[in-house]
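Welcome! Here is a friendly briefing to read alongside the sequence and the 3D view. Take a moment to look around, then follow the points below.

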Amino acid sequence: MIRRSVIAGVGAYLPERVVPNAELAAKVDTSDDWIVERTGIKQRYMAAEGEFTSHLAIKAATHALSRANMDGKDLDLIVVATTTPDNTFPATAAKVQAALGRSGIIAFDVQAVCSGFVYALSVADNFIKAGQVESALVIGAETFTRLLDWNDRTTCVLFGDGAGAVVLQAGQGEGTAKDRGILSTHLHSDGRYYDMLMVDGGPSSTQTTGHVHMKGREVFRHAVVNLADTVREAIEHNQVTIDDVDWLVPHQANRRILDSTADKLNLDPAKVIITVDQHANTSAASIPLALNQGVTDGRIKPGQLVLMEAMGGGFTWGSALVRM
Ligand code: UT7
């Protein structure tokens with residue numbers, strides 16, 4: 001028997017304010033037609049003034065914990081994936097830990113931009129597999145709209161705010177793809193592409209927060225190749241086939257990337273959970289938000305095989321194969 005990290009609960013939170021494309025078209029030289037046609041995005045959610053990443057994270061965490069019939073006292077580890085922490089330090093995870101009322105446990109942030117949730121899931125899985133903790137809360141939370149230059153139409157239409165969370169609990173498996181829990185994670189990075197998708201500020205370089213800059217076409221080109229590769233990697237590692245996968249829960253950057261990844265993999269497009277139309281790109285939050293959507297609407301059921309994949313700034317990319 002081997003240790004497995006089993007998903008005991010999934011939760012999410014979206015801010016109240018919905019911003020449709022038309023609202024952006026009134027501010028910058030863009031149109032609903034362009035945004036829908038090139039990205040699939042119809043609207044995004046935006047955090048209110050005074051609403052921070054930690055607030056979204058805590059709400060998503062509380063939802064996931066209630067779904068798992070647990071509370072903060074049951075947790076040994078909190079990992080928050082975010083690119084938009086409340087402050088440069090301490091970690092946003094510290095605020096989540098304090099709010100959940102469990103002093104003394106391990107809590108830290110992981111920064112891998114849009115791949116952050118897959119990275120954080122992998123880190124927590126390894127803590128559980130090593131026997132260091134029995135349970136973990138993994139959160140992807142972002143107020144990404146705070147990094148946008150609202151005069152730059154090439155980026156400001158693409159992103160939104162939100163948070164999603166999963167609760168992991170140690171379980172046992174036989175070491176096959178039939179086990180419940182995280183079957184494997186696969187992480188990659190290539191810093192030669194640092195400048196392709198970045199924020200031009202930071203405490204060490206400019207002492208400002210900065211704004212997002214992206215060479216969209218280049219990122220797109222790398223995304224379709226890297227995502228298909230890391231999906232194949234997860235499938236081959238676990239000796240399953242693409243047909244065994246019940247749901248692809250991808251990072252939601254662009255509808256065309258999702259379609260093209262499914263096409264490259266010969267995956268039935270009906271098996272892809274898509275939220276980019278409603279949420280836009282919420283960076284580290286997009287996978288747990290999409291997972292929550294699939295679980296909440298009843299598409300994703302216990303025992304099913306779910307494949308997550310993401311690609312983001314760095315570049316970073318990776319996948320996780322999970323039996324729910
Ligand atoms: O989450 C991390 C990973 N991120 C991604 O995976 C994003 C990957 N990239 C993309 O999703 C796409 O490249 C974008 C959606 C960012 C851009 O779509 P595109 O089809 O690659 O457009 P483009 O950058 O090649 O631009 C085409 C045209 C340009 O005009 P010209 O030079 O042809 O006259 C842009 O200036 O579209 C123009 N354009 C816009 N027009 C109206 C760019 N943004 C807009 C806009 N509204 N918002």
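## A helix tucked inside

Helix α10 (residues 286–296) is largely enclosed by the rest of the structure, because eight of its 11 residues are buried. Keep in mind as you read that this is a predicted model. The protein has 10 helices and 13 strands, and the points below visit some of them.

**More on helix α10**

- The buried residues of α10 are Ser286, Ile287, Pro288, Leu289, Ala290, Leu291, Asn292 and Gly294.
- After α10 comes Gly298, which has a positive phi, near 85 degrees.

**The protein as a whole**

- A compact globule of 324 residues would have a radius of gyration near 20 Å, and the protein agrees with this because its own value is 18 Å.
- The C-alpha trace spans about 60 × 45 × 40 Å along the principal axes of the protein.
- Of the 324 residues, 57% are buried.
- Take the contacts between residues at least 6 apart in sequence: 76% of them join residues at least 24 apart.

**An open sheet of four strands**

- Which strands make up this open sheet, and in what order? The order is β8-β13-β12-β11, and the pairing is mixed.
- The edges are taken by β8 (181–189) and β11 (247–250), each of which has a single partner strand, so one side of each has no neighbour in the sheet.
- From one strand to the next, the twist averages 15 degrees.
- Within this group, β12 (residues 305–312) and β13 (residues 316–323) run antiparallel and are joined by eight bridges.
- To find your place on screen, look for Ala310, which stands opposite Gly318 in β13.
- Helix α5 lies across β8, β12 and β13, and runs at about 125 degrees to β8.
- As background, the strands of a sheet pair through backbone hydrogen bonds, in either a parallel or an antiparallel way.

**A covered strand, β4**

- All of β4 (residues 77–81) is out of the open, with five of its five residues buried.
- In a regular strand, side chains alternate between the two faces of the sheet.
- What covers the count on each face of β4? Leu77, Val79 and Ala81 are buried on one side, and Ile78 and Val80 are buried on the other.
- Strand β4 pairs with β5 in the parallel sense, over five bridges.
- Ala81 has Val110 as its bridge partner in β5.

**Aromatic rings that pair up**

- Phe108 counts as partly exposed, because its relative accessibility is 24%.
- Phe127 is buried, with a relative accessible area of 18%, and the cut-off to remember here is that buried means under 20%.
- Phe144 sits in the loop between β6 (135–143) and α6 (153–156), and Phe159 in the loop between α6 and β7 (161–173), so their pairing ties together parts that are 15 residues apart in sequence.
- Both Phe144 and Phe159 are buried.

**Charged residues over rings**

- Lys27 lies over the face of Trp150, 5.4 Å from the ring centre.
- Arg299 lies over the face of Trp247, 5.9 Å from the ring centre.

**A closer look at Val276**

- Where is Val276 found? Val276 belongs to helix α9 (residues 276–279).
- Is Val276 buried or exposed? Val276 counts as buried, because its relative accessibility is 1%.
- Val276 and Arg255 are 21 residues apart in sequence, and their C-alpha atoms are 6.7 Å apart in space.
- Leaving out residues up to four places away in sequence, Val276 touches Thr39, Gly40, Ile41, Gln43, Gln252, Ala253, Asn254, Arg255 and Leu258.

Note on methods. Residues numbered from 1 in each chain as written. Predicted model: local features only at pLDDT ≥ 70, side-chain atom pairs only at ≥ 80, totals over all residues. Heavy atoms only, no water. Buried < 20%, exposed > 50% of the residue type's maximum accessible area, 1.4 Å probe, protein only. Helix = DSSP H or I, 4+ residues; strand = E, 2+ residues; numbered from the N terminus. Lys NZ or Arg CZ within 6 Å of the ring centre and 35° of its normal. Pairing = 2+ DSSP bridges. Axes fitted to C-alpha atoms, helices over the stretch in contact; angles between N-to-C directions. Contact = heavy atoms within 4.5 Å. Rg over C-alpha atoms; globule rule 2.2 N^0.38 Å.
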